[in-house]
Amino acid sequence: MNLMETMTTFGHEKVLFVNNEKAGLKAIIAVHNTVLGPAIGGCRLWPYASEEDALFDVMRLSRGMSHKNAAAGLKFGGGKAVIIADPSQKTEAMFEAFGEAVNALGGCYITAEDVNTDCDDAIVMTRKT
């Protein structure tokens, strides 16, 4: 299945692939749904075996965030991000570049911490978004 078919199957609005070699960032940001408001969902850092595994995970998780936010009665849609990296290799440059990618989405996605990311990483992101 190609990317557009996958997006249609999962019902996604946007999927952004980010590659910033200088910062050591490979990431995917998936915006599932913004009907209720901006998509919210955390940023997971994980050493995925393949980019296909990362894509499947981010699409599955972002769709889940849409359902969770709607069920909780929140005025937010669902989104999620994954950074494809070994957690021991995370850097401030990586999270600054990730912040730039989030910022490029113009407010339709709001991120937070998730697996292998923390408040310190989120503070670094705010330098750019």
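Predicted model: local features only at pLDDT ≥ 70, side-chain atom pairs only at ≥ 80, totals over all residues.
Start with the sheet: color the strands, and you'll see five of them forming an open sheet in the order 1-2-4-3-5, with mixed pairing. Strands here are DSSP runs of E, at least two residues, helices are runs of H or I, at least four residues, and both are numbered from the N terminus. Two strands pair if DSSP finds at least two bridges between them.

Residues are numbered from 1 along each chain as its sequence is written, and side-chain values use heavy atoms, with hydrogens and water left out.

Next, zoom in on strand 1 and strand 2 (residues 25-33), which pair in the antiparallel sense over seven bridges. Pick Leu16 and you'll find its bridge partner, Ile29, in strand 2.

Now show helix 2 (residues 51-71), packed on the sheet and touching strand 1, strand 2, strand 3 (39-46) and strand 4 (77-84). Contact means heavy atoms within 4.5 Å. The direction of helix 2 makes about 155 degrees with that of strand 4; axes are lines fitted to C-alpha atoms, for helices over the stretch in contact, and angles run from 0 to 180 degrees between N-to-C directions.

Stay in helix 2 and click Asn69. Asn69 is buried, at 5% relative accessible area; buried means under 20%, exposed over 50%, and partly exposed in between (1.4 Å probe, protein chains only). Leaving aside residues up to four places away in sequence, Asn69 touches Ile40, Leu74, Phe76, Gly77 and Gly78.

Time for charges. There are 10 salt bridges, counting a side-chain nitrogen of Lys or Arg within 4 Å of a carboxyl oxygen of Asp or Glu.

Last stop: Lys80 and Asp114, whose closest N and O atoms are 3.0 Å apart in a salt bridge. Lys80 sits in strand 4 and Asp114 in the loop between strand 5 and helix 4 (119-125), so this pair ties together parts 34 residues apart in sequence. Lys80 is buried, at 6%. Select Arg44, Asp57, Arg60, Lys80 and Asp114 together: salt bridges that share partners join them into one network.
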